Amino acid sequence: MKSYQFGAYGAPLELAEAPTPDPTGTEVLVRIHACGVCHSDVHLRQGYFEMGGGRKLDVRAVRELPFTLGHEIVGEVAAAGPHADGVSVGDRRVVFPWIGCGACGFCTSEREHLCNRPRALGTHLDGGFADHVLVPHPRYLFDFGNVAPELACTYACSGLTAYSALRKAERWIEDQLVIVGAGGVGFAGIQLARALFDAELIVVEVDAAKLDAARWAGATHIVDARQDDAAKQLKRLTNGGCAAVVDFAGSTASAGLGFRTVAKSGGLVVVGLLGGSLSVPLPLLVLKDLAIEGSDLGSLQEMGELMALVRSGRVDPIPYTTRPMEEAESSLRDLEAGRVVGRIVLTN
């Protein structure tokens with residue numbers, strides 16, 4: 001079994017070889033065809049998330065090194081344990097990676113993606129920058145129909161995260177939706193919003209190529225956040241404010257702009273993890289009757305809903321480029337430098 005691992009935080013990924021595991025019990029061994037490269041992979045390799053004000057959230061204690069990143073995984077079943085019911089060798093499946101301990105309140109209430117003792121693939125246990133991965137149970141495997149495998153893998157994180165965030169924002173969506181950030185997750189949000197809602201989409205970005213891609217994808221309006229009057233443009237397009245704003249960037253600037261855009265009795269859902277902090281005037285929060293909500297990943301049930309929507313053919317693809325698995329390190333560097341539109345997908 002080959003994988004690309006980092007042996008120290010901040011260090012480059014290097015090729016490693018180990019015996020291919022044999023599945024036992026309910027385990028399923030998946031031969032990996034493709035794995036998406038997510039911005040959270042950049043943070044996990046660094047070992048922290050930016051909290052703003054010079055503070056960092058240290059996430060180094062939750063995994064053993066060397067470690068294999070990659071949580072957007074698609075492949076075919078190579079072997080299965082004796083109790084892995086409902087799955088056969090050769091089945092092509094996308095993997096739900098957000099696996100919990102199975103015993104806590106989150107797990108027993110079908111919210112294992114929020115588990116405090118997670119066993120998530122690619123973030124806590126070795127993931128998909130490899131040629132095989134061990135999945136603990138067939139319930140984490142989803143049929144992706146006729147979708148290209150290289151696209152299907154992206155639904156395990158960018159698609160699922162966007163879907164869950166949009167479902168949270170749905171109670172505020174009227175005739176408009178503001179999406180801040182058109183990176184990998186944000187672009188998935190654009191395509192899913194077009195499939196889910198009959199609303200004008202206003203996309204805000206700082207990158208010209210991503211703005212062009214959003215226009216191509218069907219955004220009703222685009223706003224360049226680098227312009228000094230970006231907030232005024234948004235107010236004008238939304239007649240003073242939009243009831244539903246989803247921030248797929250998650251930076252101090254993006255969340256601040258999103259907060260200034262929310263209309264009375266509306267909501268801001270923050271999804272992205274670029275990092276920073278949000279300063280909120282408390283009287284405005286009260287007087288405008290506003291809600292600010294975070295959205296992390298998505299549940300196993302939401303994954304099933306999403307994949308049913310994908311199989312229906314109603315979701316247009318996000319832009320993605322494929323690279324061989326050997327380019328995992330350079331792909332991380334390109335993503336960190338902001339040189340990626342859509343998703344990079346590594347293939348075996």
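First, the ground rules. This is a predicted model, in which local features need pLDDT of at least 70 and side-chain atom pairs count only at pLDDT 80 or more, while totals for chains, interfaces and linings use all residues. Residues are numbered from 1 along each chain as its sequence is written, and side-chain values use heavy atoms, with hydrogens and water left out.

Let me begin with H1 and H11. Helices here are DSSP runs of H or I with at least four residues, strands are runs of E with at least two, and both are numbered from the N terminus. The axes of H1, residues 39-46, and H11, residues 328-336, come within 9 Å and cross at roughly 105°. An axis is a line fitted to C-alpha atoms, for helices over the stretch in contact, and angles run from 0 to 180 degrees between N-to-C directions. H1 and H11 are therefore roughly perpendicular to each other; that label covers 65 to 115 degrees, with under 35 roughly parallel, over 145 roughly antiparallel and the rest oblique.

Which residues of H1 and H11 make the contact? On H1 they are His-39, Asp-41, Val-42, Arg-45 and Gln-46, and on H11 Glu-329, Leu-332, Leu-335 and Glu-336. Contact means heavy atoms within 4.5 Å. By class, these residues divide into three nonpolar, two polar and four charged. Nonpolar means Ala, Val, Leu, Ile, Met, Phe, Trp, Tyr, Cys and Pro; charged means Asp, Glu, Lys and Arg; the others, Gly among them, are polar.

Staying with H11, its buried residues include Glu-329, Leu-332 and Leu-335. Buried is under 20% relative accessible area, exposed over 50%, and partly exposed in between, with a 1.4 Å probe and protein chains only. The cover over the buried residues of H11 includes H1 and strands S1 (2-6), S3 (28-37), S17 (320-324) and S18 (343-347). After H11 comes Gly-338, with a positive phi near 80°.

The second pair is H4, residues 158-169, and H10, whose axes come within 10 Å and cross at roughly 105°. That makes H4 roughly perpendicular to H10. Gly-159, Leu-160, Tyr-163, Ser-164 and Arg-167 of H4 meet Glu-302, Met-303, Glu-305, Leu-306 and Leu-309 of H10. Their contact has five nonpolar, two polar and three charged residues.

H10 spans residues 300-311 and includes Arg-311. Arg-311 is partly exposed, at 41% relative accessible area. Leaving out residues up to four places away in sequence, Arg-311 touches Asp-143, Phe-144 and Gly-145. A polar atom of the Arg-311 side chain lies 2.9 Å from the backbone oxygen of Asp-143.

Now His-113, in the loop between helix H2 (105-108) and strand S9 (132-135). Is His-113 buried or exposed? His-113 is buried, with a relative accessible area of 12%. With residues up to four places away in sequence not counted, His-113 touches Trp-98, Asp-296, Leu-297, Gly-298 and Ser-299.

One more helix: H8, residues 252-261, is mostly covered, with seven of its 10 residues buried. Leu-257 and Phe-259 are among them.

Last, the cysteines. A disulfide is a pair of cysteine sulfur atoms within 2.5 Å, and by this rule the count is zero. For Cys-35, the nearest cysteine sulfur is that of Cys-153, 6.5 Å away. Cys-35 counts as buried at 0% relative accessibility, and Cys-242 counts as buried at 1%.

Notes: A polar contact is a pair of N or O atoms within 3.5 Å; within protein, one must be able to donate a hydrogen and the other to accept it, and residues adjacent in sequence count only if both atoms are side-chain atoms.
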